[in-house]
Amino acid sequence: MTEPEDKAALEHGVLRISNINAWSVTLIASGFTLLSLLGWSVAGIVVGSAVTGAGLMELHGQKALKTNPSQARQWMVGSQVWLMTGVLSYCIWRLIMLDPADPFAVLGDAGQLLQMVEIMGIPPAHLEQLFVQSYRITYGLIAALTVLFQGGLALYYRSRIGRLEAIQASTKAVSTRHATHIDQLPS
C-alpha cells in the first residue's frame, strides 16, 4: 500500500468509527437532556449536557482530521476523556448518594413501589440488601465499561491519528526535499 492509500485507509477507518460513536453519543445524550429538561432534573440536565458536549467535541475533531491531524487528535481523544470523566463522576455521585440505612430514598417516589414487595412476603432487610448490592454492581459495571470503551477509543484515536500525523510529516518532508532539489537544478 502506498502512503496516500495508507493515509486514506486510516482516515476512512477513524472517520467510520468516530461517526458511529459521535452521532450516537450526541443524539442519545441530547434526547436524555431534553427529557431531563421536561422533568426539571438538574442532575440529568448537567450530565446530559456534558455527555452531549463530548459527542460534539468528537464531531469537531472529525472536521480537522484531513487538514490538521494533530488538532483532530486533541479533540477526539479529549472527547473520550471528557465523556469518561463525566460518566465516572456521575457513577461516583450516585454511589455516594446511596444511604444503606434507607437505600430506596435514591428512587424518590418510586421507592414506594418497592415497599409493595413486602406484601409478597419478602423481608424488608433482605430486599434492601439485594437492592444495595445490585445498585453498587450496576454503577460499578457502568464505570468499568466506560473506562474500557472510552479509554480504548481514546487510545485508538491517539494511535491511528498519530500514524496519520507521521504519514503527513513524511509526505511534507519528501515534498520539501523534492522542491529543494528542483530549485537547485541548473536553469
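1. Salt bridges, to start: the count comes to 3. Bear in mind throughout that this is a predicted model.

2. Lys 7 pairs with Glu 11, with 3.8 Å between the closest N and O atoms. That value passes because the cut-off is 4 Å. Both residues sit in helix α1, which runs over residues 3-38, and they are 4 residues apart, about one turn of the helix. Lys 7 is partly exposed at 22% relative accessible area, whereas Glu 11 is buried at 8%.

3. Lys 66 counts as exposed, at 52% relative accessibility. Taken together, Lys 7, Glu 11 and Lys 66 are linked in a network of salt bridges.

4. What does Arg 73 form a salt bridge with? The partner is Glu 165, with the closest N and O atoms 3.4 Å apart. This pair links distant parts of the chain, from Arg 73 in helix α3 to Glu 165 in helix α5 (residues 124-184), 92 residues apart. Arg 73 is partly exposed, with a relative accessibility of 28%.

5. Of its 187 residues, 32% count as buried. If we take contacts between residues at least 6 apart in sequence, 76% of them join residues at least 24 apart.

6. Helix α3 deserves a look of its own. It has 29 residues and reaches 42 Å from its first C-alpha to its last, close to the 42 Å expected at 1.5 Å a residue. Its buried residues include Met 76, Val 77, Leu 83, Met 84 and Val 87. The buried set also takes in Ser 79, Gln 80 and Arg 94.

7. Now the largest pocket, which holds about 380 Å³ of space. It is lined by 18 residues, and the closest to its centre are Val 51, Leu 83, Val 87, Ile 142 and Thr 146. Leu 83 and Val 87 are also among the buried residues of α3. Which helices supply at least two residues each of the lining? They are α1, α2, α3 and α5. The most comes from α5, with 6 residues. By class, the lining has 14 nonpolar residues, 4 polar and no charged ones.

8. Neighbours within four places in sequence aside, Asn 21 is in contact with Glu 58, Gln 80, Phe 149, Gln 150, Leu 153 and Tyr 157. One of these, Gln 80, is itself a buried residue of α3.

9. Asn 19 is the other one in helix α1. Is Asn 19 buried or partly exposed? Asn 19 is partly exposed, with a relative accessible area of 31%. Leaving out neighbours within four places in sequence, Asn 19 is in contact with Ser 24 and Gln 62. Asn 19 and Glu 58 are 39 residues apart in sequence and 8.7 Å apart in space, C-alpha to C-alpha.

10. Finally, one for the backbone check: Trp 40. Its phi is near 55°, a positive value in a residue other than glycine. Trp 40 is in the loop between α1 and α2. Trp 40 counts as exposed because its relative accessible area is 71%, and the cut-off for exposed is over 50%.

Key. Residues are numbered from 1 along each chain as its sequence is written. This is a predicted model: local features need pLDDT of at least 70, side-chain atom pairs count only at pLDDT 80 or more; totals for chains, interfaces and linings use all residues. Side-chain values use heavy atoms; hydrogens and water are left out. A salt bridge is a side-chain nitrogen of Lys or Arg within 4 Å of a carboxyl oxygen of Asp or Glu. Buried means under 20% relative accessible area, exposed over 50%, partly exposed in between (1.4 Å probe, protein chains only). On a 1 Å grid over the protein atoms alone, a cavity is a set of points where a 1.4 Å probe fits but cannot get out, and a pocket is an open set with protein on both sides within 12 Å along at least five of seven lines; lining residues have an atom within 4 Å of a point. Grid points are joined across faces, edges and corners, and a volume is the space filled by probe spheres set on the points. Ala, Val, Leu, Ile, Met, Phe, Trp, Tyr, Cys and Pro count as nonpolar, Asp, Glu, Lys and Arg as charged, and the others, Gly among them, as polar. The expected span of a helix is 1.5 Å times one less than its number of residues. Contact means heavy atoms within 4.5 Å.
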